[in-house]
Amino acid sequence: MKDSAGTPQSRQHHPGGLARFARPALIVSAVVAVVCIALLVIIFFLDAFNATVYSVGGSSIQDDTQEAQDIRGLYAGARAGSIFFLVVSLMTAAAAAVLLYRGRNSAGEGDGGEDVDFEDLGR
């Protein structure tokens, strides 16, 4: 009787090219997108807070004074950078999703193993 408890020699499918990096790229781009969205929400609340504090003294944030312009432009760089990285991460996620979708049927092919049912596992 042949011992079937040995190590199975299954061949795993390793996609080549860019498809190999699709899943990690999708995960990283999703994390970056979530961080960028959180950063944009925080910037929105900070802008609203700064405008509220500035307007308590009777001034308007829409005034043409240097101080109002400074407050309006305080988080402009962070906002622009966050929007840029959000767009890049969403494009990367879309490209990775397309690569994963194209290679979805080839991942399980050719495992080379034999079918084992419940009774064979008990032996």
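Good morning. From the N terminus on, the elements of the protein run α-α-α-α. There are 4 helices and 0 strands, where helices (H or I, at least four residues) and strands (E, at least two) are DSSP runs numbered from the N terminus.

Please note that this is a predicted model: local features need pLDDT of at least 70, side-chain atom pairs count only at pLDDT 80 or more, and totals for chains, interfaces and linings use all residues. Residues are numbered from 1 along each chain as its sequence is written, and side-chain values use heavy atoms, with hydrogens and water left out.

I begin with confidence. The pLDDT, which is the predictor's confidence in each residue from 0 to 100, averages 81 for the protein, and 80% of the residues score at least 70. Helix α3 (residues 76–102) has the highest confidence, at a mean of 94, and helix α4 (residues 118–121) the lowest, at 76. Over residues 6–11 the pLDDT is below 50, and beyond near neighbours in sequence this stretch has 4 contacts in the model; contact means heavy atoms within 4.5 Å.

Next, the interior. How much of the protein is buried? Buried residues make up 14% of the 123 residues; buried means under 20% relative accessible area, exposed over 50%, and partly exposed in between, with a 1.4 Å probe and protein chains only. The largest nonpolar core has 5 residues, namely Ala-51, Tyr-54, Ile-61, Ala-68 and Ile-71. Such a core is a set of buried Ala, Val, Leu, Ile, Met, Phe, Trp, Tyr and Cys residues joined through side-chain atoms within 4.5 Å. Helices α1 and α2 (66–72) each supply at least two residues of this core.

Let us turn to Ser-82, in helix α3. Ser-82 is buried, because its relative accessible area is 3%. Leaving aside neighbours within four places in sequence, Ser-82 is in contact with Cys-36, Leu-39 and Leu-40.

Which residues form the salt bridge? A search of the whole structure finds 1 salt bridge, and Asp-47 forms it with Arg-79, the closest N and O atoms being 2.1 Å apart. The term denotes a side-chain nitrogen of Lys or Arg within 4 Å of a carboxyl oxygen of Asp or Glu. Asp-47 lies in helix α1 and Arg-79 in helix α3, so the pair ties together parts that are 32 residues apart in sequence. Arg-79 counts as partly exposed, at 26% relative accessibility.

Finally, the surface. Ile-37, Val-41, Phe-44 and Phe-45 form a nonpolar patch there, with about 430 Å² of accessible area together. Patches are made of residues with over 30% relative accessible area and no salt bridge: like charges are joined within 9 Å, and nonpolar side chains (Val, Leu, Ile, Met, Phe, Trp, Tyr) within 5 Å. Accessible areas come from the Shrake-Rupley method with a 1.4 Å probe, and for residues only the protein chains shown count as cover. Phe-45 lies in helix α1 (residues 22–56) and is exposed, because its relative accessible area is 54%. Val-41 is also in helix α1, and at 41% relative accessibility it counts as partly exposed. The protein exposes about 9,800 Å², of which carbon and sulfur atoms supply 64%.
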